[in-house]
Amino acid sequence: MERQQPKKSVAAARRQFLIDAARMACGVGLLGVGIGLYARQAKALPPLAIRPPGALKEGDFLGACIRCGLCVRDCPYDILSLATPEEPVATGTPYFVARQLPCEMCEDIPCVKACPTGALDHALTDINKSKMGLAVLVDQENCLNFLGLRCDICYRVCPVIDKAITLEQQLNARTGKHALFIPTVHSEACTGCGKCEKACPLEVAAIKVYPVELAKGEPGKHYRLGWVEQQKAGGSLVAPDTPHQYNLPEGMRYESGKGLLSGEAPPAAPASPPAVPRALQGGKL
Amino acid sequence: MSIGHDAIAAKGWLRAHRWLLARRVSQLGILALFLLGPLAGVWIVKGNLSYSLTLGVLPLTDPLVQLQSLLARHLPETKAIVGAAIVLAFYLVVGGRVFCSWVCPMNLVTDAAAWLRERLGIRGGAHASREARYWILAMTLVLAALTGSLAWELVNPVSMLHRGLIFGLGAVWLVILAIFLFDLFVMKDGWCGHFCPVGAFYGLLGKVSLLRTAAVRRSACNDCMDCFAVCPEPQVIRPALKGVEGAGPVILAGACSNCGRCIDVCAKDVFAYGTRFGGRVENVSASARTASTCK
């Protein structure tokens with residue numbers, strides 16, 4: 001560097017110092033901008049890469065994980081791997097691909113215990129509470145159960161069977177006389193382990209595990225479900241529920257679910273007191 | 001005449017390569033300890049240089065990575081902090097950039113490039129300030145704070161190489177090859193001597209670390225210049241060897257990595273390891289100033 005020059009004037013030395021500093025700041029700044037932009041892109045985890053149980057939200061995870069690989073080492077099923085630079089996952093961070101090897105959901109969660117930084121949150125002690133992702137039955141056209149067959153494999157392999165995935169019965173409109181057993185994922189119970197995706201017998205899985213924020217919808221904060229609010233309040237909030245009045249020919253009656261029937265109605269069950277809005281219960285109604 | 005010829009003649013080949021051999025044993029030994037697990041199933045050390053657990057009890061954390069994580073506003077588990085404290089304390093004793101010359105796997109690559117460069121007689125090339133690494137170090141810390149992520153670790157060749165050797169290389173070999181060729185053809189000691197922020201971080205520790213190389217018998221120097229030729233940071237030698245502006249014999253510059261090449265290559269046994277307080281005869285402020293301005 002320009003250090004050995006003999007005594008220059010203070011002004012010249014200051015000038016040189018400022019020029020040197022500017023040169024460095026600009027060169028390194030350019031490098032920094034490049035790496036910074038790359039770091040922003042690296043935060044976009046591809047949907048197929050799933051973080052180990054207890055992983056913080058991706059943005060926080062990338063500040064917390066120091067890429068030591070102890071979770072990889074302590075995984076008894078060797079499902080985790082550290083991303084290499086050519087992979088679309090932040091270099092050195094752990095992930096797994098459910099279709100290749102899903103999480104076996106060890107009860108003692110050794111990967112989380114091994115993590116020295118808490119990038120895998122040590123508050124997670126019950127593996128059934130983990131949210132690695134959320135299974136979604138993405139392809140309803142090819143899912144065998146949707147076609148009316150009894151594949152049921154995703155339902156059967158689910159470690160949280162009957163809670164995370166249930167089979168919901170529907171009429172098979174194609175045959176008109178059979179049932180469809182629709183595999184239905186319940187987000188509050190699904191851990192995102194990926195066993196369903198791994199086990200799906202199709203060439204490409206019809207059910208896939210996605211990051212929760214990608215898989216899950218969310219109603220507006222102001223949105224209320226009337227029937228839920230009604231139940232909470234113990235009755236209608238705006239006007240009393242009144243029984244529906246049918247205008248039917250004599251001798252006919254209508255029953256919900258059965259349609260029009262002939263004959264007189266069976267003796268009515270003791271009528272429950274009409275639901276009255278609480279606000280109006282003070283007055284006589 | 002090749003570097004170290006005099007030393008080999010005076011001391012014999014083995015003594016003239018003593019510290020070099022020790023360094024290679026250290027570098028390869030540490031790597032072997034890490035590889036023993038994945039290759040042979042003998043788990044003495046788990047992890048990599050970013051964080052490792054030895055025998056299930058001793059945590060060791062890369063303090064720079066940990067610092068970046070703290071700046072990204074994440075507070076780790078206690079063991080990561082303890083590990084960083086142990087590593088910091090260790091290098092504050094043995095010399096900051098001892099990491100570079102005795103532990104870091106990148107050193108094997110850049111030393112190979114430097115050796116081949118010498119053998120092929122490649123001279124000159126691009127120039128850059130050796131201060132650049134401190135600027136890059138500052139940039140890595142600023143990036144961690146701004147992006148809230150370990151941005152530098154996405155591209156850090158040092159951790160990439162070590163992690164790659166243990167967990168799978170992928171395309172890391174490309175990065176390493178690029179640095180090797182850069183050091184070989186573009187810039188002498190380019191990566192380790194000019195740009196690596198990991199080395200810069202340890203260099204800052206080296207400014208106050210206890211164990212230092214010193215030109216204890218500098219009166220015996222016969223100006224053969226072999227130490228300057230062999231040293232990857234030759235600018236650190238002059239103040240201590242020549243007593244510039246009354247400097248003491250201890251090499252105080254943080255950039256010195258205590259690699260011991262000068263000790264090996266000197267036929268007159270001018271250099272030796274000692275403490276930073278050893279043999280310092282001249283006044284402190286003068287020697288400290290010289291050391292820091294001559295980086």
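In which helix does B:N107 have its place?

Analyst: B:N107 sits in helix α6 of chain B, which covers residues 106-119 (helices are DSSP runs of H or I with at least four residues, strands are E runs of at least two, and both are numbered from the N terminus). Before going on, keep in mind that this is a predicted model: local features need pLDDT of at least 70, side-chain atom pairs count only at pLDDT 80 or more, and totals for chains, interfaces and linings use all residues. Residues are numbered from 1 along each chain as its sequence is written, chains are lettered from A and ligands numbered from 1 in the order in which they are written, and side-chain values use heavy atoms, with hydrogens and water left out.

Back to the asparagine. B:N107 counts as buried because its relative accessibility is 6% (buried is under 20% relative accessible area, exposed over 50%, partly exposed in between, with a 1.4 Å probe and protein chains only). Its side chain makes a polar contact of 2.6 Å with the side chain of B:Q27 (N or O atoms within 3.5 Å; within protein, one able to donate a hydrogen and the other to accept it, and residues adjacent in sequence counting only through side-chain atoms on both sides). Setting aside neighbours within four places in sequence, B:N107 is in contact with B:R23, B:R24, B:Q27, B:C100, B:S101 and B:R261 (contact means heavy atoms within 4.5 Å).

Elsewhere in chain B, look at α8(B). This helix is largely enclosed by the rest of the structure, because 10 of its 11 residues are buried. Among those buried residues are B:M160, B:H162, B:R163 and B:F167. At the start of α8(B), a side-chain oxygen of B:N156 comes within 3.0 Å of the backbone nitrogen of B:V158. Just past α8(B), B:G168 has a positive phi of about 120°.

Next comes B:L169, in the loop between α8 (157-167) and α9 of chain B. B:L169 counts as partly exposed because its relative accessibility is 30%. B:L169 also belongs to a nonpolar surface patch, together with B:L165, B:W173, B:L174, B:L177, B:L181, B:F185 and B:V186, and the patch has about 680 Å² of accessible area. Helix α9 (residues 172-186) of chain B gives the largest share of that patch, six residues.

Now the partner chain. Chain A brings 43 residues to the contact and chain B brings 45. About 3400 Å² is buried between them, and carbon and sulfur atoms give 70% of that (buried area is the accessible area, with a 1.4 Å probe, that two parts lose on being put together, summed over both). A:M24, A:I66 and A:R73 supply 19% of what chain A buries against chain B, more than any other three residues.

The rule finds one salt bridge across this interface (a side-chain nitrogen of Lys or Arg within 4 Å of a carboxyl oxygen of Asp or Glu). B:K46 forms a salt bridge with A:D74, their closest N and O atoms being 2.6 Å apart. On chain A's side, the elements giving two or more residues are α1 (10-42), α2 (58-64), α3 (70-74) and α4 (110-114). Of chain A's elements, α1(A) gives the most, with 11 residues.

Note on methods. Patch = residues over 30% accessible without salt bridge, like charges linked within 9 Å, V, L, I, M, F, W, Y side chains within 5 Å. Areas by Shrake-Rupley, 256 points an atom, 1.4 Å probe, with all protein chains shown as cover.
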